[in-house]
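Here is a short tour of one model, written to be read with the structure open beside it.

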Amino acid sequence: MIFRLLKFLLAAGLTTLVIWRLSTGLMVADKPVPPLGQFLNPFSGFWSNGEPLTGPHFDDVNLPGLSGPVQVLYDERLIPHIYAQNMNDAMMVQGFVTAQNRLWQMDIGSRKASGRLSEVLGERTLAADKSSRRRGMLTAAENDLLSWQKAPATLQLVESYAAGVNAWIESISQSEYPVEFKLLGYAPEKWHPLKTALISENMAEILSTDEFDLPSTNALQAFGQQTFDYLYPEWSPKQQAIVPDTGQWKNIAVLPSQYEAPARALADTTTATDEQGWLDRENVSAEGPFVGSNNWAVNGAKTKSGHPLLANDPHLRLSLPSVWYQVHIHTPEVNVYGVSLPGVPGVIIGFNDNVAWGVTNASHDVADWYQIKWLNPERTRYELDGKPREANLKIEEIKLKGKPSVFDTVRYTVWGPITHDDDPKHPLRDCAYRWLAHDVAEVAQLDFVDGMMKAKNFEDYMKAAVNFDNPAQNIIFADRQGDIAIRTQGKYPVRGFQQGRFIMDGSTWKNAWHNFIPMDQVPTMKNPSRGFVFSANQQSAPPSYPYYFLGKFEDFRSRRIFDRLAKLTTSTPDSLKAMQLDNYSYRAADATPAMLSLLDLNSLDNDGRQMVAELANWDYQYDADALAPTIFESWFDSCYVATWDEMLLRKEKGEQILMPEAWRFIELLQTDSSSIFFDHPKTPYRETARNIVTESFQKMQQYFRSNPLKKAPWGQAREVVVSHIGMMEPFSRKLQNVNGHFTAPNAQNRAFGPSWRMIVELGDQVTAQGVYPGGQSGNPGSKYYDDMLDAWATGQYFPLYFWKSPEEAADQAKYRQTFSPKH
């Protein structure tokens, strides 16, 4: 007995010693290892994050600041249904329950935007922190806060939400911290309204910083104006604008722009020349990341029930925890269901008892670059309109985990910050960054959220919508009265033709944004005779719209959605579900026949003829079990690379140059197969598209012969990865046999896709269904971490419970939690 006791004491002592040593942190190959002792501690480490198979346990809460009791019912997917007596109480409890499930996601998101990742992650995120600081992310968030202070009622909702988050933080011990805090060895901070603004600016950065000024400038310099216009037209003739021209813009008073474009040749998209010896130049830049969305609404004349239907599926990076957090909020003045951004109060996309709404990104360019003319070697004075101006120097202290702080000096000009002057070789080193988010907004953007949650009709929708300035969104609407509408809402600079498409001269104020498009002239459509409104990130308006729009717009999904909506008659929610899950691609439908018609069939072996037969019989659906999509993608990419190989050489060498869009490349295959751009300059004869297509087909065959496992059905060849937001692979998921493609309405690629699918029917009783790729919980040890992911991947939806009272929930509620005022 004594011997056993001695063994136990010895083991306990050694365990304590090991945990202590691990808790102090280790260095391996001169790199810090997280303090694993805290992480492995059996009492407060990751073991305590495991959730019982029966699900989580919820204690009732005494919450300081509440004016009355609040009940929260959780359904079988852990979605909170909050029943409060007023909005401030509801927002406080929303903050509490969101933090209860997504605290680390909120913390790391606010750190990312403010450039404070290195405080907890160390030197590896120093470049990211410098970038956030130099791009003025914190400035943008601080300006958000200033705009909220102009709307005291809105600020009160934000402060109530923050109070709820802090109540949760104060109520938990180290053992209850999310596992990521334990793994990284730090504790959560107090939440405050500025962090909410930072979360908002994170999304603004994703959705409104897409610009191609440098690659466009390089392309213009390389090719000359005539060839540039030939390769990069801004309007696809097959495109359907969000708001068509019905004569509504004939008599509006257009605000002027002072921009004076440099002298250039008139656009000519019918011929190309080898201006300035472009074939001898080197480099190119690929297009930006895939960020898109779909939404549409149909009126009662096109539905079986006679009531409007609305659908929305915003496409973002697939992540765990999910981008969104579902919530239902019920007060005497509001009964609303939808998705929120963790860290931001209210519902951003959703429905209430009277209306439904959704958003897609408008894809407008609201970020420009200005070349600065420095007047001294220290680069502290610059010229503007012939006069010297002093740059404001801001010293940023970036704290590093385990190391001394790093200090970075950022120069601010009248245009904005100089973001790349720490790199002497960067082509934008002497350029200032003008981004709309740096402005102090004239409206409180969260008033849009509050207004839509309370909206009852079209007039309320319009009053709410004008509060949304950036990132510009296509806000779709439907109500029980039968109205449908869409508005390309945002704050748009009045631009001269192609102003902002290229790097501009920052020594003259004429190149500034002097006006913004008046809100009553922003493209809007209500109750069109065709019976539907829609958007899929395509052009907001056709070229006849009196203002110049600049951006990167979608060219294929919108065409398919328009065709399907035009044919709808007695549609149901299942009809809209089928549209959201539609795998048809117009890119494939346009390109495949053109490529097959150019292919030299006599050069093919049996294997090649079999692949041609597969493509010839293809219905252009990116179904997981189809082989044709795999063949087409490899062939199309090979053709594209072979055509623009000289540009891609530039990309490999680090230079940025604009790549022609896919729709324009396909148009050249169809209409200008003898274009000079199909020629290989190093061969003795001139190639045409026929040569390129045939050579590319043969290269594709060689690739599949060398990699036979790659010649697989689409769902196996293309793996979908839903990554943990901290890039912690054990907390990520990989999926196969997922349908869709980023050019189809079911817009999927390896890492991006529909982040939330929602369909609402606005009948006598509003009903809805939805799903997103993940779960409500941010805890990888919870069954609610990814419980909706497989359903999302296979095209299933869940009913969205819209209980009017706790009593209506009856036995459907799985968990209950009561919040009481703390006296």
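At what angle do helix 16 and helix 21 pack, and how many Å apart are their axes? In this predicted model, helix 16 (residues 586–598) and helix 21 (residues 689–706) pack at about 100°, and their axes are 8 Å apart. An angle from 65 to 115 degrees counts as roughly perpendicular, and therefore helix 16 and helix 21 are described as roughly perpendicular to each other. If you zoom in on the contact, you will find Met595, Ser597 and Leu598 on the helix 16 side, meeting Ala689, Arg690, Val693 and Thr694 of helix 21. By residue class, this contact of helix 16 with helix 21 divides into 4 nonpolar, 2 polar and 1 charged.

Next, please look at strand 7, which spans residues 309–317 and holds alanine 311. Is alanine 311 buried or exposed? Its relative accessibility is 0%, so alanine 311 counts as buried. Leaving aside residues up to four places away in sequence, alanine 311 touches Asn294, Asn295 and Trp296, together with Leu576, Gln580, Met758 and Ile759. Another pair to look at is alanine 311 and glycine 350: they are 39 residues apart in sequence, with 10.0 Å between their C-alpha atoms.

Now for the rings. How many aromatic pairs does the count come to? The count comes to 47 aromatic pairs. Two of these are set out here.

| Aromatic pair | Centre to centre | Between the planes | Class |
|---|---|---|---|
| Tyrosine 433 and tryptophan 435 | 6.3 Å | 35° | tilted |
| Tyrosine 545 and tyrosine 547 | 5.8 Å | 55° | tilted |

Tyrosine 433 counts as buried because its relative accessibility is 0%. Tryptophan 435 also has 0% relative accessibility, so tryptophan 435 counts as buried. In the other pair, tyrosine 545 is buried, and tyrosine 547 is buried too.

Finally, the cysteines. How many disulfides are counted? The count comes to 0 disulfides. Two cysteines can still be described by their accessibility: cysteine 431 counts as buried because its value is 0%, and cysteine 639 counts as buried because its relative accessibility is 0%.

Technical notes: Residues are numbered from 1 along each chain as its sequence is written. This is a predicted model: local features need pLDDT of at least 70, side-chain atom pairs count only at pLDDT 80 or more; totals for chains, interfaces and linings use all residues. Side-chain values use heavy atoms; hydrogens and water are left out. A disulfide is a pair of cysteine sulfur atoms within 2.5 Å. Buried means under 20% relative accessible area, exposed over 50%, partly exposed in between (1.4 Å probe, protein chains only). Axes are lines fitted to C-alpha atoms, for helices over the stretch in contact, and angles run from 0 to 180 degrees between N-to-C directions. Helices (H or I, at least four residues) and strands (E, at least two) are DSSP runs, numbered from the N terminus. Angles under 35 degrees count as roughly parallel, over 145 as roughly antiparallel, 65 to 115 as roughly perpendicular and the rest as oblique. Contact means heavy atoms within 4.5 Å. Ala, Val, Leu, Ile, Met, Phe, Trp, Tyr, Cys and Pro count as nonpolar, Asp, Glu, Lys and Arg as charged, and the others, Gly among them, as polar. Rings of Phe, Tyr and Trp (its six-membered ring) pair if their centres lie within 6.5 Å; planes under 30 degrees apart count as stacked, over 60 as edge-to-face and the rest as tilted.
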